[in-house]
Each structure stands twice: as structure tokens, then as C-alpha cells.
Amino acid sequence: MNSTPSRTIIIEEFGGPEVMKLVDREIGNPGPGQIRIRHKACGLNYIDVYQRVGLYPLQLPTALGMEGAGIVEAVGEGVVHLKAGDRAAYASMPPGAYCEARVMPAAQVCPLPDAISFEDGAAMMLKGLTVQYLFRRTTPIAKGDTVLFHAAAGGVGLFACQWARSEGITLIGTAGSDEKCALARENGASHVINYNTEDFAARVREITSGKGVDVVMDSVGKATFEGSLNSLKPFGMMITFGNASGKVPPFDVGMLAAKGSLKITRPTIFTHISDFEACQQMARELFEKVTTGQVSVRIDQRYPLEKVAEAHRALEARKTTGATILTV
Ligand code: NDP
């Protein structure tokens with residue numbers, strides 16, 4: 001197949017949403033271990049903001065976007081799990097999903113079941129695989145355990161609420177408005193706390209009759225870090241996995257002893273999906289959760305590719321709920 005141009009979002013400098021530019025890029029044929037995919041939609045994630053502003057530095061110029069779904073157009077040597085014409089979806093490095101078509105590594109691209117739409121596929125891979133690894137691969141979490149989950153009405157958050165409900169896990173969700181709290185509850189949170197109007201750690205103690213929770217899943221970072229530690233039971237596990245309010249500042253590890261022999265981890269999805277077999281198995285479990293109706297994909301915002309700056313502004317202004325996709 002010959003090279004064709006693809007409308008692609010790139011940045012040449014770090015900065016606000018205005019640094020994103022739509023350009024025509026020539027894309028070639030896939031090399032060994034690669035595929036060429038034509039997108040139907042791609043997903044927006046908070047990591048795209050961290051990359052755009054330079055919090056997670058990339059070499060410039062760079063394309064952006066970590067999640068997409070579409071049709072495989074060609075496969076390179078050695079790729080056996082996909083072929084031209086297959087429906088597929090992915091969360092994957094390197095950035096570059098905000099485009100019509102691209103050549104990319106095949107290992108993290110997964111065959112998408114016919115029962116899942118391209119839009120849902122584009123909205124669910126990075127967020128859903130994150131929830132899969134948080135609940136399955138990070139610390140043992142059993143039916144009846146209690147988890148505190150921040151930003152519970154967001155993209156990852158609504159998957160987490162539904163996942164917890166499907167597993168009989170009690171999820172206490174926080175969110176920044178009463179409307180968002182209501183949405184988290186509708187999606188499976190057993191308790192909700194508006195952390196802009198309430199002291200969430202104190203409320204967690206009330207809800208758990210003073211005991212605290214088994215696990216905290218905290219992607220808000222700086223603003224919630226200490227309150228999250230204060231919400232844990234002795235031996236509880238703090239999973240800090242994002243920085244929507246800023247990076248967690250350096251802290252004294254002795255604090256973990258003082259608060260009850262706490263554990264802490266700072267995972268990233270990219271370690272979990274780096275192994276081909278693990279990634280494909282995680283995706284199969286996620287797809288099963290969706291096709292059996294235990295978890296549904298909620299897309300609350302759609303923007304055409306060329307309106308990506310508006311999409312970033314809404315995400316950073318905390319105006320979004322559920323997932324956001326870019327249509328191509
Ligand atoms: P969301 O849709 O959840 O959007 C982020 C939400 O964070 C906002 O809607 C807002 O909800 C909350 N928030 C709290 N403080 C701030 C702030 N100061 N500025 C902006 N938002 C704030 O995004 P995603 O679903 O894409 O991602 C959720 C989080 O999970 C992100 O931090 C992301 O980086 C992290 N993540 C980490 C991964 C990993 O493997 N480590 C993988 C995937 C995501 P509210 O108004 O309710 O407070």
C-alpha cells in the first residue's frame with residue numbers, strides 16, 4: 001500500500017491547548033511488528049494534558065493521543081494476532097492517536113469484538129485497562145472490601161464505579177460537584193462525597209464506622225494525597241496513579257509507619273500492558289465485562305478532531321464527566 005496523508009494533531013512546543021496543530025502527515029507502510037490502522041474515533045485522556053504541558057516530557061515535535069479504535073489496513077512482518085480488515089482498539093505508546101490513520105506497534109492493539117462499537121472501543125481502552133489493573137493486578141481486593149476512589153465521575157472513575165459494583169466491592173467515590181456525585185452513585189458507587197464541600201477523610205471515617213478503607217485509588221495527586229492516607233485502615237494500600245491537581249510532593253516515608261504501617265505504590269498502565277500476552281488478556285477481560293453488561297461505556301463528550309483544543313479545555317476545567325472522544 002502506498003503512503004497517504006493523514007490529518008494529525010501535533011505539538012512543537014509544550015503549553016496550553018493552543019499549541020496543538022492539525023497537520024497533514026505522510027504515513028507509510030508498517031514495518032516488522034507494526035500495523036497500520038485507520039481510526040474511526042480516538043479517546044481523550046488526562047495523560048494527553050500532562051504530555052501537552054510537558055509534565056510528562058516528550059521529545060518535540062510529537063503527535064499526541066494514546067487511545068483509538070478503527071480498522072487495520074495492513075500488518076507488518078511477524079504480526080499474527082491481527083490482519084487487514086480487522087476491527088481493533090488500543091491504548092498504547094507512543095503518542096499519536098489524534099489522527100485519521102497511523103503506523104504503530106502491534107503488540108498493544110487488540111481485536112475488538114463486533115458487539116462493541118468503534119466509539120466505545122476508542123473510549124474504553126486506556127480507561128478500562130487502567131481499572132482492570134487497579135482492581136486485578138495491583139493489590140488483592142476481595143468482595144466486601146472497601147475502596148476510596150477519587151474523581152469517581154470522570155473517565156476512569158465511571159468505569160471504576162461499575163467494575164466495583166460488578167465485583168461486590170464497596171466503592172466510596174469522591175467528585176467535585178453534587179451532580180457528579182449523583183452520576184457516580186448511579187454508576188455503582190455505594191457512597192459519594194463532594195470533596196469540594198466536605199472533608200472527605202472525615203466522611204470516610206464516618207461511613208466506615210471509624211475503621212477506614214482497605215485501598216485508596218488516588219489520581220488527583222497533590223490536593224488529596226494526605227487526606228487519602230488518613231482514610232486508610234492500618235496496613236491499607238495507597239495507590240497513587242495520577243496528578244490532576246499537581247504532582248504529589250516528596251514526603252517522609254516515616255509517615256506511612258505513623259499512620260499504621262501503610263503501603264504505597266505508584267503504578268502506570270504502561271508497565272502492565274508492556275507484555276503482549278498480559279495486555280491481550282487484560283483486554284479480553286475488559287471486553288467481557290462490557291459485552292456481558294457488567295460495565296458500560298459512557299461517552300459524555302464528542303468533538304471532531306479539529307476541535308481538540310476545546311476538548312482539552314473542558315477536561316482541564318473539570319467540565320467533563322465519563323469519557324470524551326474525538327471523531328475522525
Ligand atoms: P477524568 O475524566 O477523571 O478527569 C480528571 C478529573 O480529575 C476531573 O474531571 C476532576 O473531577 C478531577 N480533578 C481534581 N482536581 C483537579 C484539578 N485541579 N484539575 C483538573 N481536574 C481535577 O480524567 P481521566 O479519566 O482521563 O483520568 C483520570 C486520572 O487517572 C488522571 O489523573 C489520569 O492521569 C489518571 N490515569 C492514570 C493512569 C495510570 O496508569 N497511572 C492511567 C489512566 C489514567 P472532579 O471535578 O470530580 O474533581
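1. The largest cavity holds about 30 Å³ of space, where a cavity is a set of points, on a 1 Å grid over the protein atoms alone, at which a 1.4 Å probe fits but cannot get out, and where a volume is the space filled by probe spheres set on the points, these being joined across faces, edges and corners. By this rule there is one cavity of 30 Å³ or more. The model is predicted, so that local features need pLDDT of at least 70 and side-chain atom pairs count only at pLDDT 80 or more, while totals for chains, interfaces and linings use all residues. Residues are numbered from 1 along each chain as its sequence is written, and side-chain values use heavy atoms, with hydrogens and water left out.

2. Gly155, Leu158, Phe159, Gln162, Ser296, Arg298, Gly322 and Ala323 line the largest cavity, a lining residue being one with an atom within 4 Å of a point. Helix H3 gives the most to this lining, with four residues. By class the lining has three nonpolar, four polar and one charged residues; Ala, Val, Leu, Ile, Met, Phe, Trp, Tyr, Cys and Pro count as nonpolar, Asp, Glu, Lys and Arg as charged, and the others, Gly among them, as polar. Because domain 1 (4-126 + 270-327) and domain 2 (139-266) both give residues to the lining, the largest cavity lies between them; the domain bounds come from an automatic or database assignment.

3. Which residues come nearest to the ligand? Of the 28 residues around the ligand, they are Tyr50, Lys180, Tyr195, Ile269 and Arg318, a residue being near if one of its heavy atoms lies within 4 Å. The shell divides into 14 nonpolar, ten polar and four charged residues, and it draws at least three residues from each of domain 1 and domain 2. Helices H1 (46-53), H2 (118-136), H3 (155-167) and H10 (308-316) each supply at least two residues of the shell, with the largest share, three residues, coming from H2; helices (H or I, at least four residues) and strands (E, at least two) are DSSP runs numbered from the N terminus.

4. Of its 13 lining residues, Arg25, Pro95, Gly96, Arg102 and Val103 are the closest to its centre. Strands S2 (21-27) and S7 (101-105) are the elements that give two or more residues to this lining, and S7 gives the most, with five.

5. Some backbone details deserve a check. A cis peptide bond with omega of about -10° joins Leu60 and Pro61, and Pro61 is placed in the loop between H1 and strand S4 (62-63). Another cis peptide bond, with omega of about -10°, joins Met93 and Pro94, the latter in the loop between strand S6 (87-91) and S7. Phe235, in strand S13 (residues 232-240), has phi near 70°, a positive value in a residue other than glycine.

Conventions. 1 Å grid on protein atoms, 1.4 Å probe; cavity = no way out; pocket = protein on both sides within 12 Å on 5 of 7 lines; lining within 4 Å.
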